[in-house]
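Notebook open, structure loaded. I'll jot down what I look up as I go.

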Amino acid sequence: MKFVKSTFSEKMKKRVGALVDKVLGKSSSRRSFLKQLGLVVGGLALAPSKPLQAMSWQEFFQKNYKELTPQDKKEIFKRLERQTKEKYGVDVTIGDPPPMDGVEYGYFLNLSKCNGNRKCVEACVKENNQSRDPQIQYITVLEFENGDMNFNKSNKYYNPDLVPEKGKFYVPISCQQCHNPPCVKACPVEATWKEKDGIVVIDYNWCIGCRYCQAACPYEARKFNFATPKIPAEEINPKQAYLSNRIRPKGVMEKCTFCLQRVREGRYPACLEACPTGARKFGNLLDPKSEVSQILREKRVLVLKEELGTQPRFYYYFD
Amino acid sequence: MANRMRRKKVFFVSLFLGMGLILIPLYFAQGAEPKSAESQKSTQAPSNTDVPPGDEVIKRTRSLEMYPCHECHAGPADYNSHKRELTKEHTDFVSHPTQRKEDPAYGCQSCHQEKRYDRLRLATGEEITFNEAYRLCGQCHGTQLEDWKKNIHGRRTGFWNGAGKIDSCTSCHPAHSPQFKPLKPFPPPLKPRR
């Protein structure tokens with residue numbers, strides 16, 4: 001069965017490639033062009049527009065992540081590893097750590113401590129293989145004047161020699177992993193959903209790139225790959241996960257996943273480990289003894305844009 | 001040709017001498033080490049009940065080895081308990097807390113063990129190592145100590161559901177000028193192209 005399938009895909013690839021060559025390169029008369037146009041349109045309906053050679057039969061007909069069997073996943077991960085090797089020349093491993101039982105993640109950020117040094121941004125870009133050109137960064141650090149939290153007056157391009165500056169405070173914003181995520185409701189193809197540990201994930205292979213979720217997100221947390229990500233080969237993080245930090249294709253959405261590939265193995269997110277001020281706290285909200293539960297009970301906690309009812313899992317606090 | 005050979009020779013000789021210069025003090029510093037390690041053991045508190053089990057407070061003694069107090073303050077004669085303007089290596093020390101700058105009773109011995117500056121002393125008179133500096137700081141900064149024990153204040157790396165490493169107070173707040181230092185920020189995001 002497998003043999004038949006592969007030869008069929010080979011044939012298809014050859015046929016479509018030949019047709020495109022014929023029409024784009026060699027067609028001379030109007031009549032022959034029109035004759036072949038119909039055939040090509042048929043071919044294009046089957047296969048997507050540009051990288052005809054790159055898109056295999058299996059890839060085009062890959063199911064949504066939630067419908068994949070373990071065997072499917074194994075094959076897909078192997079294929080993605082091979083493709084990364086071809087494209088970026090780096091050996092990577094793509095895993096799929098499952099959510100833990102009895103765990104719901106919460107992230108806390110101490111606004112009294114954060115001094116806006118952006119070390120978290122740097123660590124995040126490296127850990128999650130974000131495109132350097134065009135630039136994609138999950139964390140946006142906003143600078144506010146003391147006494148006001150008007151987002152319209154905030155500045156994300158601040159660049160003094162030393163931070164913090166007098167009379168300013170800083171609010172890093174990334175995906176808030178809402179309990180009630182509007183992006184998930186906006187997605188027309190169910191390419192994004194909330195996992196049981198609370199992390200909102202994206203199946204990059206199922207995403208159609210319509211950017212509805214970007215419009216729905218009130219925190220501007222979702223970023224779009226307008227071009228194929230460019231990452232220097234030596235900076236690629238080889239430890240990747242299917243739903244989080246594997247290198248994204250062009251034309252899909254991406255966002256913070258609480259470093260799913262790290263936290264589901266018990267480690268801290270990369271931004272937390274990079275923070276020199278100790279402003280970032282992460283843990284299990286369901287465990288009453290965890291630091292995050294204690295912060296929730298003892299400190300003055302706030303969430304951004306509370307009135308929207310998104311119920312973020314990312315909290316800010318003061319002390 | 002001969003000139004090049006000579007240059008090479010000079011290079012290697014200077015390299016050798018340079019290595020010697022680095023290695024000799026290191027040898028002496030190590031020679032002094034076992035003594036302090038031995039005495040550390042005897043003064044360490046029996047068990048660290050302040051920190052969650054499995055967690056480790058990042059040790060400070062190792063990073064202070066290159067700057068040992070006993071190198072200059074060797075004998076009882078080398079200690080001056082009079083309050084005065086600090087000189088030599090100590091000019092960058094800020095009086096902490098600043099409001100007690102004029103207090104004649106407040107000086108080196110407020111935190112350091114008398115006649116033995118490689119150790120700290122609590123208000124109770126108990127002698128502790130630099131590794132337990134949080135017990136000393138916590139005498140005044142009780143709220144911070146309480147938060148630190150619960151990992152609400154300070155930095156912890158490792159595993160959120162397992163063993164972790166906790167920074168001690170003095171890892172982030174230098175003991176003699178404890179204010180958190182300003183940092184150079186990572187460059188801002190690029191502005192969108194028009």
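Helices (H or I, at least four residues) and strands (E, at least two) are DSSP runs, numbered from the N terminus. I'm working from a predicted model, where local features need pLDDT of at least 70, side-chain atom pairs count only at pLDDT 80 or more, and totals for chains, interfaces and linings use all residues. Residues are numbered from 1 along each chain as its sequence is written, and chains are lettered from A and ligands numbered from 1 in the order in which they are written.

**A:Lys194.** I found A:Lys194 in strand 5 (residues 192–194) of chain A. Buried means 20 or more other C-beta atoms within 10 Å of a residue's own, exposed 12 or fewer, and partly exposed in between, with C-beta atoms placed from the backbone. A:Lys194 has 17, so I log it as partly exposed. Leaving out residues up to four places away in sequence, A:Lys194 touches A:Pro181, A:Val184 and A:Val200 (contact: C-beta atoms, placed from the backbone, within 7 Å). I also checked A:Lys166, 28 residues apart from A:Lys194 along the chain: their C-alpha atoms are separated by 40 Å.

**Helix 10 of chain A.** I see A:Glu291, A:Val292 and A:Ile295 buried in this helix (residues 291–298). They line one face, because they fall within an arc of 100° seen down the axis (the arc is that of the directions from the helix axis to the C-beta atoms). Their cover includes strands 2, 10, 11 and 12 of chain A.

**Chain B.** I read a mean pLDDT of 76 for chain B (pLDDT is the predictor's confidence in each residue, from 0 to 100). Over residues 25–47 of chain B, pLDDT stays under 50.

Terms used:
Contact = placed C-beta atoms within 7 Å.
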